[in-house]
Amino acid sequence: MKRIWTGMVLLALLPVLGFLLQSAMDNLHTPAANALEQASEAALAEDWYSADALLAKAQQLWEKNYDLTAAVADHAPMEEVDTLFAELAVYSRRQEAVHFASTGVHLARLIRAVGEAHRFDLRNIL
């Protein structure tokens, strides 16, 4: 009888953990994506000081949440995110505004997608 109760408790906890995870993933990755979009705008305005600061902030937020994300997410998009951060550093050093902005927006969208992949949504179920 004890095993039945243990199983029922585990089955009840799984959906609760899923909903908590979905909320956490969105909340963890939205600030980094927003910072990247702002950095892209700053680069287009040739404000490299702000662009670099926002890029550093976004990368710090990404790295801060990296372990939790790696525990629950697919690693292929995470590797692409790391690659795009490296590209942005090069574009920033060379002050290539258009490349920086387009890569920054691409990276922001990819980071949002990592968070959205865990959302309880019909697209994610099917």
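**Helix packing and loop residues**

Mentor: In this predicted model, the axes of helix 1 (residues 2–44) and helix 2 (residues 48–64) come within 8 Å and cross at roughly 160°.

Trainee: Why is helix 1 called roughly antiparallel to helix 2?

Mentor: Angles over 145 degrees count as roughly antiparallel. The crossing angle here is roughly 160°, and therefore helix 1 is roughly antiparallel to helix 2. The crossing of helix 1 past helix 2 is left-handed.

Trainee: Which residues make the contact?

Mentor: Helix 1 contributes His29, Pro31, Ala32, Ala35, Leu36, Gln38, Ala39, Ala42 and Ala43. From helix 2 come Trp48, Ser50, Ala51, Leu54, Leu55, Lys57, Ala58, Leu61 and Trp62. Sorted by class, this contact of helix 1 with helix 2 comprises 14 nonpolar, three polar and one charged residues.

Trainee: What is the phi of Glu46, and where does Glu46 lie?

Mentor: Glu46 is not a glycine, yet its phi is positive, at about 60°. Glu46 is found in the loop between helix 1 and helix 2.

Trainee: Where is the place of Gln95, and what is its phi?

Mentor: Gln95 belongs to the loop between helix 4 (75–94) and helix 5 (97–116). Although Gln95 is not a glycine, its phi is positive, at about 55°.

Trainee: Why is Gln95 called partly exposed?

Mentor: Buried means under 20% relative accessible area and exposed means over 50%, with partly exposed in between. Gln95 has a relative accessible area of 47%, so Gln95 is partly exposed.

Definitions and conventions: Residues numbered from 1 in each chain as written. Predicted model: local features only at pLDDT ≥ 70, side-chain atom pairs only at ≥ 80, totals over all residues. Heavy atoms only, no water. Axes fitted to C-alpha atoms, helices over the stretch in contact; angles between N-to-C directions. Helix = DSSP H or I, 4+ residues; strand = E, 2+ residues; numbered from the N terminus. Parallel < 35°, antiparallel > 145°, perpendicular 65-115°, else oblique. Left-handed = near helix turned anticlockwise from the far one by under 90°. Contact = heavy atoms within 4.5 Å. Nonpolar A, V, L, I, M, F, W, Y, C, P; charged D, E, K, R; others polar. Buried < 20%, exposed > 50% of the residue type's maximum accessible area, 1.4 Å probe, protein only.
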